[in-house]
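Trainee: I would like to learn how to read contacts, domains and cores in a structure. Could you walk me through one?

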Amino acid sequence: MTAQRDWRGLLFVAPFLALYSLILVFPLLRGLWLSLNQVDLFGAGHFVGFGNYEQLLHDPVFGTSLLNTFEVTLMIVPALTVISLLLALALNRAGKAAAIVRGIFFASAVLSVTIVTLVWRFVLAPDAGLLGELWKALGWEPLPFLSDPHLVLPALALTTIWWSVGFPMLLFLAGLQQIPQDMYEAAALDNSNGWTTFWRITVPALRRTLILVVMLQTAAQLQLFGQSQLLTAGGPSGASRTAVLFLFETAFGRWELGYASAAAEVLFLIILAVTLTQYWATSRSDAGHGR
Amino acid sequence: MASLELMGVRKAFGTTPILDDVSLSLESREFIAFLGPSGSGKSTLLRIIAGLETADAGEVWLEGRRIDTLPPGKRDIAMVFQAYALYPHMSVRENMAFGLRNAKVARDEIDRRVADAATVLEITPLLDRKPAEMSGGQRQRVAIGRALVKHPKLFLLDEPLSNLDAALRLRTRVELAQLKQKVDAAVIMVTHDQAEAMTLADRIVVMNDRRIQQVGVPMEIYSRPANTFVAQFVGSPAMTLANVELMEGSDFARVKLGDGSVVETHVPRAALPAGELRIGLRPEAVRVADGPATTNAKVELVERLGERTLVYARLPDGQAITAEDSAYSRLAIGDEVALAIDGAAAHLFGPDGTGYHRTAA
């Protein structure tokens with residue numbers, strides 16, 4: 001930095017910085033401050049230090065919502081990654097038919113969560129739903145997906161996978177198209193069978209896409225909210241209440257803004273920790289590969 | 001015993017024919033160049049031999065075994081790709097070992113072969129590097145190494161020098177020639193560069209328009225081109241072709257150029273077909289004369305190449321002709337110049353383009 005530094009340059013970034021501070025940095029810090037206060041919407045709050053955090057630690061509802069969130073994320077992310085990769089592999093070809101099917105699989109991604117849950121309510125409803133009818137046709141008792149505490153999270157995961165499969169598929173398709181064709185020809189001449197080629201050529205070439213998909217999906221599913229609120233409202237008896245739904249209920253149902261903010265900060269730290277761990281683990285194995 | 005044998009290979013992409021009834025036989029340990037312009041079918045033919053494309057008809061045999069029904073990996077063939085096609089996430093060692101591992105070669109045998117090939121190609125210090133950490137020339141050595149370790153019966157090289165800069169290309173050409181002495185296999189190289197084909201190949205297969213135009217040793221291709229395509233494609237600058245009229249008399253053809261000047265060729269008259277003839281003259285057969293001249297021409301362009309000068313001129317009847325002059329030519333554009341045509345070096349071409357040459361010396 002020199003004495004003649006030209007401060008006029010700052011003018012060019014000032015509009016962005018102002019907007020960025022106003023709508024991102026300020027709310028972020030404000031949320032942090034809120035989490036240290038006991039506050040509702042109807043009056044000035046008062047400072048309680050880490051009181052909210054301490055209360056969270058002993059709140060079984062929050063604990064259950066976190067566990068539900070982890071559980072549903074673990075159900076969704078691996079399955080979603082594998083399914084979207086398989087779809088991409090199957091649909092990575094020229095031709096009209098493949099293009100149409102690609103469009104169909106991506107179509108669900110452009111739907112709003114409201115429509116998705118509406119559709120899946122019809123699918124999952126035990127008496128008249130699609131799955132219920134299927135079960136009946138097979139001579140089985142229809143399963144109460146949305147009212148059985150053991151089935152509600154899988155149902156939530158299923159809905160989410162159906163809704164979210166398009167975008168990762170698109171990322172994998174883009175990744176697959178980056179792999180030069182002569183790589184596969186070289187592998188064919190190297191007597192490599194389909195299995196070996198997939199694991200030794202395709203998967204390593206898709207490494208970065210895989211990491212991206214897993215990180216994006218993990219961060220997204222840890223914030224799962226709309227499906228849970230609209231499909232079951234967290235029920236039965238909190239079995240499908242996710243962390244963000246807990247936040248929402250606390251902030252806009254019970255108006256405990258400080259407490260909700262504290263929960264939000266905890267969730268933020270968890271997501272940060274998980275994604276950083278994933279990033280660290282994958283870049284470390286990168287180093288192990290001699291990069 | 002013949003190494004590779006192609007019998008009546010045909011290929012079309014949709015309704016576009018690419019190869020039309022191609023047959024060819026390679027001697028063992030022979031280095032063959034497929035030479036031709038883009039779209040001539042030479043790369044498709046190479047890919048059919050490798051098994052990366054399927055021929056519509058015809059058979060491919062390698063050392064007495066029919067291979068066109070086998071998958072690429074079972075054909076005893078190794079290929080060096082134009083863009084090398086190294087596996088980017090594998091080290092050089094792994095790249096070279098990949099094919100052997102798939103073929104279930106014993107571990108110590110793999111190590112031995114990789115070490116041997118690395119020594120020959122002088123890439124031992126690179127064995128633990130990734131392709132991204134190497135120069136283009138180094139990558140190409142690795143690509144060749146990956147082919148060498150397989151001990152194939154046939155090497156296929158797809159435009160092996162096209163991705164290298166000029167200096168490296170010359171050096172690699174020399175190295176390829178040396179490498180050829182060391183390997184106990186036939187080699188097929190696809191190229192559009194006649195200098196590569198002439199310097200490296202035992203025999204050249206000139207391809208154009210879906211067909212083999214001529215198969216021969218380099219000097220035969222150059223001095224006895226089978227047809228006008230080969231005559232014009234091989235040799236730089238291209239051979240001059242001019243319509244001529246056959247004159248009466250003698251055992252060898254005397255022909256009259258459009259401007260009335262007469263050239264006494266050494267082509268036996270009896271072999272020539274009826275109909276329109278063309279004469280083929282390489283630049284070195286047309287010299288700027290200081291003594292007796294055949295004809296006069298007007299200079300249109302002078303190219304000084306250092307060791308010689310090329311003169312692009314036009315005969316009085318409008319026929320373009322390329323001549324050669326000494327290195328220190330004083331000619332300038334627009335000059336009138338006397339040309340001496342060496343009839344002994346002239347070729348004649350029949351109405352269908354077939355070449356007729358002087359009797360072999």
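Trainee: How many residues of domain 1 of chain B are in contact with residues of domain 2 of chain B?

Mentor: Before we count, keep in mind that this is a predicted model. Here, 7 residues of domain 1 of chain B are in contact with 7 residues of domain 2 of chain B. The assignment places domain 1 of chain B at 2-233 and domain 2 at 240-356.

Trainee: What classes of residue does domain 1 of chain B bring to the side that touches domain 2 of chain B?

Mentor: That side of domain 1 has 3 nonpolar, 3 polar and 1 charged residues. As for spacing, 38 Å separates the C-alpha centres of the two domains of chain B.

Trainee: And how should I describe chain B as a whole?

Mentor: Try its elements and its dimensions together. Chain B contains 8 helices and 21 strands, and its C-alpha trace spans about 75 × 45 × 40 Å along the principal axes. Of its 361 residues, 41% count as buried.

Trainee: What is the general idea behind looking for a nonpolar core?

Mentor: In soluble globular proteins, nonpolar side chains tend to be buried together. In this model, the largest nonpolar core has 104 residues. The residues with the most contacts inside this core are A33(B), I49(B), L156(B) and V205(B). Both domain 1 (2-233) and domain 2 (240-356) of chain B give residues to this core, so it lies between them.

Trainee: Which residues does L156(B) touch, leaving out those up to four places away in sequence?

Mentor: L156(B) touches L46(B), I49(B), A50(B), I77(B), M79(B) and I188(B). I49(B) is also among the residues with the most contacts inside the largest core. Apart from that core lies another, of 48 residues, including L80(A), W163(A), L224(A) and F246(A).

Trainee: Now for the two chains. How is the size of an interface given?

Mentor: It is often given as the accessible area lost when the parts come together.

How values were computed: Residues are numbered from 1 along each chain as its sequence is written. Chains are lettered from A and ligands numbered from 1 in the order in which they are written. This is a predicted model: local features need pLDDT of at least 70, side-chain atom pairs count only at pLDDT 80 or more; totals for chains, interfaces and linings use all residues. Domain bounds come from an automatic or database domain assignment. Two residues are in contact if their C-beta atoms, placed from the backbone, lie within 7 Å. Ala, Val, Leu, Ile, Met, Phe, Trp, Tyr, Cys and Pro count as nonpolar, Asp, Glu, Lys and Arg as charged, and the others, Gly among them, as polar. Helices (H or I, at least four residues) and strands (E, at least two) are DSSP runs, numbered from the N terminus. A residue is buried if 20 or more other C-beta atoms lie within 10 Å of its own, exposed if 12 or fewer, and partly exposed in between; C-beta atoms are placed from the backbone. A nonpolar core is a set of buried Ala, Val, Leu, Ile, Met, Phe, Trp, Tyr and Cys residues joined through C-beta atoms within 7 Å.
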